[in-house]
Amino acid sequence: MGSSGFIGVFDSGVGGISVLKSLAAELPHERFSYFGDSANAPYGDRDAEDILELSRGIVARQLDDGAKAIVIACNTATSAAAATLRDEYPDLPIIGVEPALKPAVLAFPRGRILVMATAATLALEKFQRLEERWASQAEVIPVACVGLVDLIERGDLASPEIRALVERYVGEYRGTVDGVVLGCTHYPFVKDVIRDVVGDVPLFDGGLGTARQLRTVLTVRGLLEDDDAPGSVIFSSSKETAEEIALYQWFFRQRI
């Protein structure tokens with residue numbers, strides 16, 4: 001494929017657009033093709049085998065269309081599918097995301113770190129290993145925020161329903177934690193609500209680290225775009241409607 005291919009990015013819906021924004025900022029000359037599997041969202045409510053099969057289908061289609069690399073812009077899909085997909089496509093760069101627990105703990109050693117994520121992400125082995133690795137250096141408080149992804153997918157980011165759900169899950173930690181890890185790529189879109197509920201503490205997400213990792217991998221493999229022309233972003237979805245694509249484009253324009 002060489003450096004002329006595009007970078008395939010996918011998520012269960014709109015959440016991965018928060019990662020896509022970091023990717024496009026870090027690599028402004030690359031072409032990105034974003035796929036949101038909104039018809040099957042949220043992945044956080046599905047079992048691991050189901051998530052793997054959905055991810056397999058998406059990667060196969062993106063490769064058929066000419067992808068030179070894949071970014072799994074979903075914490076849950078990364079946990080459930082990344083290792084297997086790397087085994088199945090050993091020559092394909094596959095970059096995943098994971099909850100930014102390491103930078104949070106390094107910023108607040110011996111502190112209290114709240115981790116907001118989907119139930120599936122917290123239950124899968126990848127997060128459990130991550131938690132075990134860093135739990136000796138800080139108090140890690142995982143909270144499964146069931147239903148939050150569904151509300152964010154609607155696009156009303158300041159809705160009373162979102163505020164009420166965030167309050168329900170993490171309101172008790174107001175003023176008692178040092179930092180919050182946003183362990184789902186949807187959650188950066190409601191950062192303001194989370195800060196209002198938890199307090200004005202640092203929020204950590206994996207978007208920037210994913211973007212830097214992608215740049216490193218593309219450079220090492222000789223796949224970095226060598227044309228200095230502006231890159232591009234296109235959107236597609238398993239919900240094949242103009243309204244859904246317009247929603248994706250709206251999310252991409254939001255500041256986070």
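In strand E9, Ser237 is the bridge partner of Gly36. This pair belongs to a predicted model. Strand E2 spans residues 31-36 and is joined to E9 by 6 bridges. The two strands run parallel. Helix H10, residues 207-220, packs on the sheet. H10 touches E1, E2, E3 and E4, and its direction makes about 165° with that of E4.

The sheet is open and holds 5 strands. Their order is E4-E3-E1-E2-E9, with parallel pairing. Strands E4 (94-96) and E9 (232-237) form the edges, each pairing on one side only. On average, neighbouring strands are turned by 20° against each other, direction ignored. A further helix, H2 (residues 48-64), lies across E1 (6-11), E2 and E3 (67-72). H2 runs at about 160° to E1.

H7 provides the largest share, 3 residues. By class, the lining of the largest cavity holds 10 nonpolar, 8 polar and 3 charged residues.

The second largest cavity has a volume of about 70 Å³. This cavity is lined by 13 residues. Nearest its centre lie Leu182, Thr185, Asp205, Gly206 and Gly207. The lining of the second largest cavity divides into 6 nonpolar, 5 polar and 2 charged residues.

Note on methods:
Residues are numbered from 1 along each chain as its sequence is written. This is a predicted model: local features need pLDDT of at least 70, side-chain atom pairs count only at pLDDT 80 or more; totals for chains, interfaces and linings use all residues. Side-chain values use heavy atoms; hydrogens and water are left out. Two strands pair if DSSP finds at least two bridges between them. Helices (H or I, at least four residues) and strands (E, at least two) are DSSP runs, numbered from the N terminus. Axes are lines fitted to C-alpha atoms, for helices over the stretch in contact, and angles run from 0 to 180 degrees between N-to-C directions. Contact means heavy atoms within 4.5 Å. Ala, Val, Leu, Ile, Met, Phe, Trp, Tyr, Cys and Pro count as nonpolar, Asp, Glu, Lys and Arg as charged, and the others, Gly among them, as polar. On a 1 Å grid over the protein atoms alone, a cavity is a set of points where a 1.4 Å probe fits but cannot get out, and a pocket is an open set with protein on both sides within 12 Å along at least five of seven lines; lining residues have an atom within 4 Å of a point. Grid points are joined across faces, edges and corners, and a volume is the space filled by probe spheres set on the points.
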